[in-house]
Amino acid sequence: MILKTERLILRPWEESDAQSLFEYAKDPDVGPIAGWSPHKSVEESLSVIKNVFSSKECYAVCEKDNNVAIGAIELKLNGHTDMTDKEDECELGYWLGKPFWGRGYMPEAAKELIRYGFENLKMSTIWCGYYDDNEKSKRVQEKVGFVYHHTCDDVPVSLLNEVRIGHTNTMTKEQWISLMHKEESRRQV
């Protein structure tokens, strides 16, 4: 599946994306705040593409004009998330290379994947979370309409061997439909 927005393409990861993935995933400002270590080599990035980004609904975030992977976005389906065990619920996860921060790319990509999740995958609820102090992720979730659900003080971050405070948000299909109606009304004014 390939999804398109005004400025972005969301497409499956390819092994040829390893160099680009490494370029952005090696940055210490990107991975640790999301719960994973910076990549140490192109080979590690290739392994991540083969073993982590191979999930059914995991996409490379690319600018339309060059189709180069600059981040990742995924709907983690039942069995791949600890936020829900229901078949019609999933978790949204994402990260973006630092040179592309502040351009509104992640809210743009997230809105499209949320639409796809509700319309095509027939989800009833999409969950999303962020760790304490990850203000950028918090803002993305606010911008696209997620609603606060709960906070946990002792979330294990296994890839970093840490425990953090985690904040969890949700969006139901009904909330999403309401947001779409409001957006449509604003466009008509």
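1. Let's start with Trp 95. Leaving aside residues up to four places away in sequence, Trp 95 touches Leu 21, Tyr 24, Ala 25, Val 30, Trp 36, Phe 53, Ile 70, Gly 71, Ala 72 and Met 106. Contact here means heavy atoms within 4.5 Å.

2. A quick word on what you're looking at. This is a predicted model, where local features need pLDDT of at least 70 and side-chain atom pairs count only at pLDDT 80 or more, while totals for chains, interfaces and linings use all residues. Residues are numbered from 1 along each chain as its sequence is written, and side-chain values use heavy atoms, with hydrogens and water left out.

3. Trp 95 turns up again in the largest nonpolar core, which has 46 residues; Trp 13, Phe 53, Ile 73, Leu 92, Trp 95, Ile 114 and Ile 126 touch the most other members. Helix H4 gives this core its largest share, eight residues. (A nonpolar core is a set of buried Ala, Val, Leu, Ile, Met, Phe, Trp, Tyr and Cys residues joined through side-chain atoms within 4.5 Å; buried means under 20% relative accessible area, exposed over 50%, partly exposed in between, using a 1.4 Å probe and protein chains only.) In soluble globular proteins, nonpolar side chains tend to be buried together.

4. Now for H4 itself, residues 105–119. Twelve of its 15 residues are buried, so H4 is largely enclosed by the rest of the structure. Among the buried ones are Tyr 105, Met 106, Glu 112 and Ile 114. (Helices are DSSP runs of H or I with at least four residues, strands are E runs of at least two, and both are numbered from the N terminus.)

5. Next, the rings: the structure holds five aromatic pairs. One of them, Trp 13 with Phe 53, is tilted, at 4.7 Å centre to centre and 35° between the planes. These two sit 40 residues apart, and both Trp 13 and Phe 53 are buried. (Rings of Phe, Tyr and Trp, taking its six-membered ring, pair if their centres lie within 6.5 Å; planes under 30 degrees apart count as stacked, over 60 as edge-to-face and the rest as tilted.)

6. Why is the pair of Tyr 24 and Phe 100 edge-to-face? Because the planes of the rings are at 75°, with the centres 5.3 Å apart. Tyr 24 lies in helix H1 and Phe 100 in the loop between E5 and H4, so the pair ties together parts 76 residues apart in sequence. Ring pairs also link Tyr 24, Phe 100 and Tyr 105 into a cluster.

7. For contrast, look at Asp 85, in the loop between strands E4 and E5. Asp 85 is exposed, with a relative accessible area of 64%.
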